[in-house]
Amino acid sequence: MKTQHPISQNLPGHRVRAVIAGTGSYLPARVMSNDDFTKIVDTSDEWIRTRTGIRERRIAAPGEATSDLAAKAGERALQAAGLNATDLDLIIVATVTPDHLLPSTACLVQRALGAERAFCFDMEAACSGFIYASEVARCFLENGAVRHALVIGAEKMSSIVDWTDRQTCVLFGDGAGAVIWTRAEDGRGLLATAMGSDGRLADLLVVPAGGSRKPASAETVAAREHAIRMSGREVFRHAVVNMAQAARDAIEKAGCTLADITWVIPHQANQRIIEAIAERLELPIGRFYLNLERTGNMSGASIPVALDEAVRGGTIRPGDRILTVAFGSGLTWGASVIQL
Ligand code: UT7
């Protein structure tokens, strides 16, 4: 996002904060519609639309990996910020679909961008990953350790869905969104974040094999244990309760009220979840920016893609105060208040 303010203003009475200097996103070219799913599982466009709000999602090409999507989103964010890759001090990639178990996807993005000065690592907090990663970047920025941080949410969810499971395969999509965070002292910035986790509920949303618990074997592949298993109804219930609470906590921490929030950018998992949160917060659904109809659930990429679209489309403008809120496997959740 090209802001109206210079990147680093020094206005009296304001503390140093992490501010958004630019956003970018990238969606792969291939569109998969709900009707396409009727050819592979027992489902219908009507069921998917009414139960989730999703009409279509993007699917990466076979040779396209998460770091490819992430690097393209990162390039666009650099352009929007008017910065070069060599200006970056830190790259964090929030993902559950890394190119490899090692090295980190962030290091592959560093190589693709030529960001040779940056230190780089991945963040695994599932759908809450972008909020967690931005909060970590905020700490580095505010304590002066870094000046420019690139935070990317990037997912190739199509690489971990079970294409025979109608309860999950219709939900997810691929894509990447990026934000360049920098420092300023002018009242803008990441004002507050509230985060939480509950590992007791880890089994509700899990990819059982491929890690150290169940290393890949012919048996795990045959049992499709490298794909997502989700207890949808349970996750739904926890998502509504915890996202609404996280939103309230972040707003309180930021010292503002819901009335001060111009736009809410929620994790785009299910329109019914978002409507339930709007109801709990007593906010009109029109204040929520939605793109899941076109993208499906892109896990950690959902919020930064929606943010970039809203900024580029002119929906979100400099001066707006936005609330991001997410929920995912772990279980994890979080919300941030950002003054643009
Ligand atoms: O991003 C990470 C967090 N994840 C989420 O937030 C996902 C949270 N969960 C959800 O969004 C919803 O629970 C789902 C969209 C996954 C499912 O919606 P639901 O209203 O909870 O449906 P359900 O699982 O209770 O299933 C209702 C019926 C079942 O049939 P019976 O048992 O009532 O005969 C399912 O078998 O719908 C059936 N069903 C389908 N039918 C057609 C499940 N998936 C499909 C499908 N097409 N794709």
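Which residues do ring pairs link into a cluster? They are F119, F121 and F140. This is a predicted model, in which local features need pLDDT of at least 70 and side-chain atom pairs count only at pLDDT 80 or more, while totals for chains, interfaces and linings use all residues. Residues are numbered from 1 along each chain as its sequence is written, and side-chain values use heavy atoms, with hydrogens and water left out.

**Domains**

- The domain assignment gives domain 1 (14–186) and domain 2 (190–339); such bounds come from an automatic or database domain assignment.
- Taken over C-alpha atoms, the centres of domain 1 and domain 2 are separated by 14 Å.
- The contact between them takes 51 residues from domain 1 and 48 residues from domain 2, where contact means heavy atoms within 4.5 Å.

- Four strands form an open sheet with mixed pairing, in the order 8-13-12-11. Strands (E, at least two residues) and helices (H or I, at least four) are DSSP runs numbered from the N terminus, and two strands pair if DSSP finds at least two bridges between them.
- Strand 8 (189–197) and strand 11 (263–266) are the edge strands, each pairing on one side only.
- From one strand to the next, the twist averages 15 degrees.
- Strand 13 (residues 332–339) pairs with strand 8 in the antiparallel sense over eight bridges, and Q339 in strand 13 stands opposite G189.
- Helix 8 (residues 232–253) lies across strand 8, strand 12 (321–328) and strand 13, and runs at about 145 degrees to strand 12. Axes are lines fitted to C-alpha atoms, for helices over the stretch in contact, and angles run from 0 to 180 degrees between N-to-C directions.

**Nonpolar cores**

- In soluble globular proteins, nonpolar side chains tend to be buried together.
- The largest nonpolar core has 49 residues, and L323 and V337 have the most contacts inside it. A nonpolar core is a set of buried Ala, Val, Leu, Ile, Met, Phe, Trp, Tyr and Cys residues joined through side-chain atoms within 4.5 Å.
- At least two residues of this core come from each of strand 8, helix 8, helix 9, strand 12 and strand 13; helix 8 gives the most, with nine residues.
- This core lies between domain 1 and domain 2, because both give residues to it.
- Leaving aside neighbours within four places in sequence, the contacts of L323 include A247, I251, W263, I265 and V337.
- Another core, of 32 residues, lies apart from this one, and among its residues are Y132, L141, W181 and A306.

**Aromatic pairs**

- The whole structure holds five aromatic pairs. Rings of Phe, Tyr and Trp (its six-membered ring) pair if their centres lie within 6.5 Å; planes under 30 degrees apart count as stacked, over 60 as edge-to-face and the rest as tilted.
- F119 and F121 are stacked, at 6.5 Å centre to centre and 25 degrees between the planes.
- F119 is partly exposed, with a relative accessible area of 36%, and F121 is partly exposed at 25%. Buried means under 20% relative accessible area, exposed over 50% and partly exposed in between (1.4 Å probe, protein chains only).
- The pair of F327 and W333 is stacked because the ring centres are 6.4 Å apart and the planes lie at 15 degrees. F327 is buried at 4%, and W333 is buried at 15%.

**Individual residues**

- A94 is in strand 4 (residues 90–94) and is buried, with a relative accessible area of 0%.
- A94 and F121 are 27 residues apart in sequence, and their C-alpha atoms are 8.9 Å apart in space.
- N291 lies in the loop between helix 9 (271–281) and helix 10 (292–295) and is buried at 2%. Not counting residues up to four places away in sequence, N291 touches Q268, V305, A306 and E309.

**Backbone geometry**

- Most residues other than glycine have a negative phi, and most peptide bonds are trans.
- The peptide bond from L102 to P103 is cis, with omega near 0 degrees, and P103 lies in the loop between strand 4 and helix 4 (105–113).
- The peptide bond from G330 to L331 is cis, with omega near -10 degrees; L331 lies in the loop between strand 12 and strand 13.
- A126 has a positive phi, near 50 degrees, and is buried at 6%.
- E282 has a positive phi, near 55 degrees, and is exposed at 70%.
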